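Subject: Structure handover

Hello,

Here is the structure we discussed, with its sequence. My notes are below it.

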Amino acid sequence: MRRIFGAKKKTNVVQGPSIEEASNLVGKRGDNLDQKIKKLDEQLLECKKKMSKMRNGPSKNNVKRRALQLLKQKKMYESQRENLYNQQFSMEQISFTQQTMKDTVVQVSSLKQATTTFKQQFKEIDIDEVWDIKDGMEDMLEEANEIQEALSQSFGVPEEFDEDDLEAELEGLEDEVFEEELNEEVPSYLNVPNEDPKITENETEQDEVVDEFGLPQIEKN
């Protein structure tokens, strides 16, 4: 069969660098060009200093030609560096897109798994049973409140009171308390009314004999 159809050629697939690796390589090349541009700037600065101290003539022209050659090299390196910047930016964009796609795949897989879990959990829950439980809890709470209300009621106390009667009784209690306080301050045996207001204190002292405390003195037989 191999003679007729021939054998399959073995292809050696060489896996190239990843986008991140390629971007790093381009970055290293750019760094190398930056070093070269920096050296050219230093050489151009030396040429400029020499030209400022030299008179016009062949020597100054030679330095000037050298400076122009260095400037051309610098422009070439800057152009190459700009191209590497663009390449690196493109590869970074591609790398970012690849990473975003990887993250998207992970997120979609997580969402699928979560959806499957939700479906399994919802199968175990009956919404009607949930409403029944909720209604039962509300009924039990109402019964508990009724029990607490029944326990808080006082025994033997009328349910209805007349506000006017209560206020009148309260005023009467205040008057009684005031009278009791006055009676406590002045003893009853000292409250002897003066029948005749015209009688003076001297006459009272002459008619009645009192002891050292001002009380009527008891006669001794």
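This is a predicted model: local features need pLDDT of at least 70, side-chain atom pairs count only at pLDDT 80 or more; totals for chains, interfaces and linings use all residues.

The core. The largest nonpolar core has 13 residues, and the members that touch the most others are Cys47, Leu70 and Tyr77. Helices α2 (19–53) and α3 each supply at least two residues of this core. The biggest share comes from α2, with 7 residues. As background, nonpolar side chains in soluble globular proteins tend to be buried together.

Cys47. This residue lies in helix α2. Its relative accessible area is 9%, so Cys47 counts as buried. Setting aside neighbours within four places in sequence, Cys47 is in contact with Val63, Arg66, Ala67 and Leu70.

Lys74. Is the lysine at position 74 buried or exposed? Lys74 has 18% relative accessibility and therefore counts as buried, because the cut-off for buried is under 20%. Lys74 is part of helix α3, which runs over residues 58–123. Not counting residues up to four places away in sequence, Lys74 touches Ile37, Leu40, Asp41 and Leu44. With one of them, Asp41, there is a polar contact between the two side chains, at 2.6 Å.

Rings. How many aromatic pairs does a search of the whole structure find? The number is 0.

Helix α4. This helix covers residues 127–152, which is 26 residues. From the first C-alpha to the last, α4 reaches 38 Å, close to the 38 Å expected at 1.5 Å a residue. The N-terminal end of α4 is capped by Asp126, with a side-chain oxygen 3.3 Å from the backbone nitrogen of Asp128.

If you open the model, Cys47 with its contacts Val63, Arg66, Ala67 and Leu70 is one place to begin, and the side-chain contact between Lys74 and Asp41 is another.

Regards

Conventions
Residues are numbered from 1 along each chain as its sequence is written. Side-chain values use heavy atoms; hydrogens and water are left out. Helices (H or I, at least four residues) and strands (E, at least two) are DSSP runs, numbered from the N terminus. The expected span of a helix is 1.5 Å times one less than its number of residues. A polar contact is a pair of N or O atoms within 3.5 Å; within protein, one must be able to donate a hydrogen and the other to accept it, and residues adjacent in sequence count only if both atoms are side-chain atoms. Rings of Phe, Tyr and Trp (its six-membered ring) pair if their centres lie within 6.5 Å; planes under 30 degrees apart count as stacked, over 60 as edge-to-face and the rest as tilted. Buried means under 20% relative accessible area, exposed over 50%, partly exposed in between (1.4 Å probe, protein chains only). Contact means heavy atoms within 4.5 Å. A nonpolar core is a set of buried Ala, Val, Leu, Ile, Met, Phe, Trp, Tyr and Cys residues joined through side-chain atoms within 4.5 Å.
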